[in-house]
Amino acid sequence: MENWRVVKLVFLVICILGWKLKSINGATDPNDVSALKGMYSGLNSPTELAQWTGDDPCGQSWKGITCSGSRVTEIKVAGLGLSGSIGFQLSSLTSATNLDVSNNNITGDIPYSLPPNLQQLNLANNKFTGGLPYSISQITSLKYLNVGHNQLQNQLSDMFSQLSSLSTLDVSSNAITGNLPESFSSLSSLTTMFLQNNHFTGPIDVLANLPLENLNVENNQFTGWIPEQLKSINLQKGGNTWSSGSAPPPPPGTPPANKGNRNHKSGSNNSPVDSAAGSQSKSSGIGGGGIAGIVISLIVVGAVVAFFLVKRRSRRTSSDIEKLDNQRFAPLTSNEVHELKSVETSSGIKTVTFDAPASINLRPPPTDRHKSFDEEDVSRKPVVVKKAVLAVKKIDSSAFRNDLSEDFIEIVSNISNLHHPNVTELVGYCSEHGQHLLVYEFHRNGSLHDSLHLSEENSKPLTWNTRVKIALGTARALEYLHELCSPSIIHKNIKSTNILLDTELNPHLSDSDLATVVPNADQAVDSGYSAPEVGMSGQYTLKSDVYSFGVVMLELLSGRQPFDSSRPRSEQSLVRWAIPQLHDIDALSKMVDPALKGLYPVKSLSRFADVIALCVQPEPEFRPPMSEVVQALVRLVQRTNMSKRTFGSDQGVSPRADNIPDTQDYMS
């Protein structure tokens, strides 16, 4: 009997210890498990990762997974012949510092949702397409980024200003186009950069003051002069069209190049400019004294010219200067007025579009708000737009509460700092005789409102694919304004008329940062977009923008206007009519825009409705931030099989579009 008790006691101890060991070694964070399961599924459930069929990555030592406690810290699955995509839930891997899927056959766009605290991201030698997702700009801890040897095609967005920890950047051997983004100049820790074998254009001046040690820019379409600061590093520059001869001297007043942060290999005290000049003088047969004489002559000539320019300007009154300024940067004249295409008045802002005759001169957005008037006037050059179609917003003078010109220039300065693929870019501005105009690039397909509600009888409606694409792009624009701009920008006027569509039906949010010149009382008029709390208090918040975005999504789903007095009273308010039906699949299918003719995936529709329901909740504190909305829409896109068999491009040509991108082109 006693022995039996001992046996039972030992058995009990073993069970307890086994349970304790399991609890210590297992119990991986469920969010991490879910993310890895999604990644495994996206990679087509590869046999190379057979262990990933379990439920405890940390306790079961999954292949390629490193943990600390219950959290996943590294995912390294390079060179395993993996295919498919890497999933859509990776942002929940908040403890992951290293993601390496290089040397595989992974396809599709780089996912927007990535681990937010990565230090190393290696996606090299795969088949990724599209471009770098803007979400990378939020991974401020990133030190190593490698997307080389893929099939990336888009231009690099101006998204590097917060990546001051990045030391290595490799985007080589893709098909990336356009000039180098200005935010490259913020990469203050960058020592190694590989840009070779792409289609980059323009100069590389933006790299001049980086602490680079290794730079490869071979086989692109770069032009201009190689900055002197880069001539003393390991530089590979062949296969471009560099300008020959000595670079021109910098404009008068240009600050000297910052050389203090560069690590030079030689122990000499000579600056890069000195050493470069010395080598150049030897090869050209010009001595050091000759070089010095030329430099001094240029400085003297420049000083004389600058002196007379300043002297002439000092004799003018401010009104004379304003007249000269208006002549150099000609605002809209009577010759342009007769060519106006359309006019839309909204809350003190008038939108007009016109065809520029031969050419027009516009003031470019100011680059430095702290310059004196003369400095700004001397340094800036007019933006010349030839045979371009532009969109002009006329700001009603009554919208300003203080000094008109000062308020307007402040607005222009703020708007000119906004750079995002889904935010309308400012081209220039005009200000004279009490007229205040903002000039934007014109988008040929008009507004989302036009495409949904003013389509011509014979035109084809927007496909479901395109509607999701528009929702996602607009959400990304709002995420940028809310969470990446500092301070955050509340748009206050989210509606379908302010979402413009380009030739490929990509959305561009307009009227950003114009809320300060639009009185709240004007916007509080209930057009169906305003959040409930705005109607009661007149106060706008980030969450009221989220509500208005939810209303736009309802427009996309239903094809109805937010408020339509021609409908029965119970259906006049789109939100009130729709909310009770969003979670009823039968009722939901009856809400869908009849123009779609049933051509949509049911699961995609249901998930789209779920996002809407979150955004239009009456209590603002329960509405999600825009980053979560973006992630939800990305998951919707990646989960749903929107095949060309179901959604051919012939099913959804825009009223004014000749072509539609492939149905898988959402993520661009």
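Helix α10 passes helix α16 in a left-handed crossing. A crossing is called left-handed if the near helix is turned anticlockwise from the far one by less than a right angle, and right-handed if clockwise. Helices here are DSSP runs of H or I with at least four residues, strands are runs of E with at least two, and both are numbered from the N terminus. Please keep in mind that this is a predicted model, in which local features need pLDDT of at least 70 and side-chain atom pairs count only at pLDDT 80 or more, while totals for chains, interfaces and linings use all residues. Residues are numbered from 1 along each chain as its sequence is written, and side-chain values use heavy atoms, with hydrogens and water left out.

Let me stay with this pair of helices. α10 and α16 pack at an angle of about 30 degrees, and their axes are 12 Å apart. The axes are lines fitted to C-alpha atoms, for helices over the stretch in contact, and the angles run from 0 to 180 degrees between N-to-C directions. The two helices α10 and α16 are therefore roughly parallel to each other. As for the term, angles under 35 degrees count as roughly parallel, over 145 as roughly antiparallel, 65 to 115 as roughly perpendicular, and the rest as oblique.

Which residues make the contact between α10 and α16? From α10 they are W464, V468 and A471, and from α16 they are S604, L605 and F608. Contact means heavy atoms within 4.5 Å. By class, the residues of this contact of α10 with α16 are 5 nonpolar, 1 polar and no charged. In this scheme Ala, Val, Leu, Ile, Met, Phe, Trp, Tyr, Cys and Pro count as nonpolar, Asp, Glu, Lys and Arg as charged, and the others, Gly among them, as polar.

I turn now to α13. The axes of α10 and α13 come within 10 Å and cross at roughly 170 degrees. That makes α10 roughly antiparallel to α13. On the α10 side, the contact includes W464, R467 and H482, and on the α13 side it includes L542, D545 and F549. The residues of the contact of α10 with α13 divide into 10 nonpolar, 2 polar and 2 charged.

The contact of α13 with α16 has 13 nonpolar, 1 polar and no charged residues.

Buried means under 20% relative accessible area, exposed over 50%, and partly exposed in between, with a 1.4 Å probe and protein chains only.

What does L207 touch, leaving aside its neighbours within four places in sequence? L207 is in contact with L180, F184, M193, L195, L212, L215 and L230.

One of the partners of L207 is L212, found in the loop between β12 and β13. L212 is buried, with a relative accessible area of 0%. Its C-alpha atom is separated by 7.2 Å from that of I233, 21 residues apart along the chain.

Some other loop residues deserve attention. S573 lies in the loop between α13 and α14 and is buried, at a relative accessible area of 18%. N103, in the loop between β4 and β5, has a phi near 60 degrees, a positive value in a residue other than glycine. K492 also has a positive phi, of about 75 degrees, although it is not a glycine. K492 sits in the loop between α10 and β23 and is partly exposed, with a relative accessible area of 22%.

Finally, the chain as a whole. Its secondary structure comes to 17 helices and 24 strands. Of its 668 residues, 47% are buried.
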